[in-house]
Amino acid sequence: MFDLTGKNALITGASGGIGADIARKLHAQGATVGLSGTRTEPLEALKAELGERAHVLPCNLSDMEAVDALPKQAAEAMGSVDILVNNAGITRDNLFMRMSDDEWNSVLNVNLTATFKLCKGVMRGMMKARWGRIVNISSVVGATGNPGQANYAASKAGVVGMSKSLAYEVASRGITVNAVAPGFITTAMTDKLTDEQKSGIMGQIPAGRMGDPDEIAAAVVYLSSAEAAYVTGTTLHVNGGMAML
Amino acid sequence: MSDVADRVKKIVVEHLSVEEDKVTENASFIDDLGADSLDTVELVMAFEEEFGIEIPDDAAENIQTVGDAVKFIKEAS
């Protein structure tokens, strides 16, 4: 089940905690992986760990010209892009009343606009192939909201609406577009939370623990597989029960 | 029919699975040949590849009939 042999997957944010595990799991299922991220060093380290079937594709997603170029670079390196995982995301938290235009725009640009452009960039190849899988990483806060994260929550809710709209348009071409919405996962991003914030969060999670990155990766593998061909436009919430949506 | 028109016709017949004699110059992709909006996007992609040209989005919107496509391609190539 979930064999991805012969499929080429582009993963953004592959230098981060969740992205690296997504790349590992897709690779373990037989896919060739294009590892994209801003920092080259961790990408090279991941490539060395994975061995064959791995390519490093550095890209700063706040640089829109670089974003436009990435799908082409990935297709040149791997031969095609059959699976796109838009995992990269940034936060720039602030109280809504204090949030600057720059904080708003930079988060929307990377989390939503770059996702839009990458989806668009891989669509031609997927339409021709009559097969494609797009998995956009959203967040539980896109559905529930979160104080201090108006920009992040808006971008992650936007990803869901965009994914559904695109899913409608391309479903007849064998392309599925889904979202995975992680809850609180142990990564560098959630390490920044204070102990007080963490204990507050823990009280809201029925599972009583934070999630592991590989639990997100497993959801991505499923949605990338041939077996999930009839699943499109959905959001798979992986959050230990903290929001049962 | 010119060479361009023949090649356009062939692409349309293959892509939309329609009878060749229905693909006339004035035939509208959507109204006469049963294309949906995404089919028209794919047709434009196929024309771009067949003729080695680029069809910008605003021009693509104006290509609604077989004749429109032939005219655009002749001017562009």
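Rings of Phe, Tyr and Trp (its six-membered ring) count as a pair if their centres lie within 6.5 Å. The views below come from a predicted model, and by this rule there are 2 aromatic pairs over all chains.

**View 1. An aromatic pair joins A:Phe2 and A:Tyr222.** Here the ring centres of A:Phe2 and A:Tyr222 are 5.7 Å from each other, and the planes make an angle of 75°. Since planes over 60 degrees apart count as edge-to-face, that is the label for A:Phe2 and A:Tyr222. A:Phe2 sits in the segment before strand 1 (8-11) of chain A, whereas A:Tyr222 belongs to helix 9 of chain A, so the pair ties together parts that are 220 residues apart in sequence.

**View 2. Helix 1 of chain A packs on helix 9 of chain A.** Helix 1 covers residues 17-28 and helix 9 covers residues 213-224; their axes are 8 Å apart and meet at an angle of about 50°. The two helices of chain A are therefore oblique to each other, and the crossing of helix 1 past helix 9 is right-handed. On the side of helix 1 of chain A, look for A:Gly17, A:Ile18, A:Asp21, A:Ile22, A:Lys25 and A:Leu26. Helix 9 of chain A answers with residues including A:Pro213, A:Ile216, A:Ala217, A:Val220 and A:Val221. Sorted by class, this contact of helix 1 with helix 9 in chain A holds 9 nonpolar, 2 polar and 3 charged residues.

**View 3. Helix 1 of chain A also packs with helix 2 of chain A.** Helix 2 of chain A spans residues 40-50, and its axis lies 11 Å from that of helix 1 at an angle of about 25°. An angle under 35 degrees counts as roughly parallel, so helix 1 and helix 2 of chain A are roughly parallel to each other. Again the crossing is right-handed. A:Ala20, A:Ala23, A:Arg24 and A:His27 from helix 1 meet A:Leu46, A:Glu49 and A:Leu50 from helix 2. These residues comprise 4 nonpolar, 1 polar and 2 charged.

**View 4. Helix 4 of chain A packs with helix 2 of chain B.** Residues 101-129 of chain A and residues 37-51 of chain B form these helices, with axes 11 Å apart and an angle of about 95°. They are therefore roughly perpendicular to each other. A:Arg124, A:Met127 and A:Lys128 touch B:Leu38, B:Val41, B:Glu42, B:Met45, B:Glu48 and B:Glu49. The contact has 4 nonpolar, no polar and 5 charged residues.

**View 5. Residues 2-77 of chain B carry the UniProt feature "domain: Carrier" (unreviewed entry).** The end C-alpha atoms of this span are 14 Å apart, and the span is 59% helix and 0% strand.

Terms used:
Residues numbered from 1 in each chain as written. Chains lettered and ligands numbered in written order. Predicted model: local features only at pLDDT ≥ 70, side-chain atom pairs only at ≥ 80, totals over all residues. Heavy atoms only, no water. Axes fitted to C-alpha atoms, helices over the stretch in contact; angles between N-to-C directions. Helix = DSSP H or I, 4+ residues; strand = E, 2+ residues; numbered from the N terminus. Parallel < 35°, antiparallel > 145°, perpendicular 65-115°, else oblique. Left-handed = near helix turned anticlockwise from the far one by under 90°. Contact = heavy atoms within 4.5 Å. Nonpolar A, V, L, I, M, F, W, Y, C, P; charged D, E, K, R; others polar. UniProt positions renumbered as here; feature names shortened; annotations may be inferred. Phe/Tyr/Trp six-rings, centres within 6.5 Å; stacked < 30°, edge-to-face > 60°.
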